[in-house]
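Reader: Could you take me through one part of this model up close, the aromatic rings? I'd like to hear how they pair up and where they sit.

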Amino acid sequence: MQESVQCDVKLLRFALCSLGFFLFINAGNAFCKDSIDDWKRISGPIPMVNQTPIQLLFLQPTPERAEPLPEHRYSLNLITAITNTLQWGKSGNYYGSMDMEMIRTSMELRYGISSGFEAGMTIPYVYGYSGFMDHSILEFEEWFNASRNLREKEGRHKRANSYTYFVKKNDKAFIEGKEGSSGFGDLVLRVKGKIWDEEGSVPCLSARFSVKIPTGDEDRAFGSGEVDYGLGMLLQKTIKRMTAYLNADVIFPGQAFEQAGVSLRTFYEIMLGAEYKLSEHFSGLAQLYFITRPFEDTGLEMLDKRIFNLLLGVSYLTKTGVYMQGGFVEDFAPPNTGADITFFLNIGKNF
């Protein structure tokens, strides 16, 4: 079974590398007929990555359109998210606990280098603290008779709105956050090139390459301390008022925890999104995330289990071209895998 998985990974790497080679020798195709006229009014998808604190240690390519920006044009987004996470687990030599809230603000910059070719950058800033949402979340879950045992236990012992963030192996922490700490996370750089245009029933297709630079402080769990790489494909199709998006990426993480005897593996992220134009200025957005994990065989759900997230949001485009987006992200997979709830606000503009 293991040999089969390794074979599949090698084949996937070969396919993605071949796709990347094809991309770079074919970059420069013409834009879709309406892209240059409409690019200032484009708002989706929402550039929100998964906010699970442990997953933020690794490269997560930002959700984006397949269609690159026109040449010498750029876009700027400032997205702020507040996240509540409650997780606990113990298995063999591993023990982990997370009871915290986090505010993460990231600046997303994209620039059209040439026709059909785009570069982007993400600069995050993170603040971790004890939070204030625990009681409200418990009351909301109890209202729907869907409260988690872990959150009920926390409430009974009056530990709500406390701060804990660590993962240990053999009683030694290899991931550990500090309450009240703040700082920059890991810088992400990416390039995207179009392979073919959207035409008729054929969607627009692009490929991208991403790299995460270890600028975050790993001692405060703001980064992994290693370089990660990613290769991905992006699809986009518009039918009347509806635009559908598909982002699929494979990520190759650096061995950040090798000294602790914890190995990391290749993992995958898929984002399926849709945007519906309610009017010229309003639209509704939904994005579904499927994320595998870089850890394996630790026995902790908070490290090993796949993450399923649903984002629901709205977007408003002002007359000046500034768009504002707000909404929430909910973890609907089995509990103890990802962040419980995330609320976000994004302000952006295409220049």
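Author: Phe58, Tyr94, Phe174, Phe257, Phe267 and Phe295 are joined into a cluster by ring pairs. A pair here means rings of Phe, Tyr or Trp (its six-membered ring) with centres within 6.5 Å; planes under 30 degrees apart are called stacked, over 60 edge-to-face, and the rest tilted. Bear in mind that this is a predicted model: local features need pLDDT of at least 70, side-chain atom pairs count only at pLDDT 80 or more, and totals for chains, interfaces and linings use all residues. Residues are numbered from 1 along each chain as its sequence is written, and side-chain values use heavy atoms, with hydrogens and water left out.

In total, the structure has 14 aromatic pairs. Take Tyr95 and Phe166: their ring centres are 5.2 Å apart and the planes meet at 70°, so this pair is edge-to-face. Tyr95 belongs to strand S2 (residues 94-114) and Phe166 to strand S4 (residues 164-169), so the pair ties together parts 71 residues apart in sequence. Strands (E, at least two residues) and helices (H or I, at least four) are DSSP runs, numbered from the N terminus. Tyr95 is partly exposed, at 28% relative accessible area, while Phe166 is buried at 14%. Buried means under 20% relative accessible area, exposed over 50%, and partly exposed in between (1.4 Å probe, protein chains only).

Now back to two members of the cluster, Phe257 and Phe295. Their ring centres are 6.0 Å apart with planes at 15°, so these two are stacked. Phe257 sits in the loop between strand S10 (242-252) and strand S11 (267-277), and Phe295 in the loop between strand S12 (282-291) and helix H5 (301-304), so the pair ties together parts 38 residues apart in sequence. Both count as buried: Phe257 has a relative accessible area of 8%, and Phe295 has 0%.
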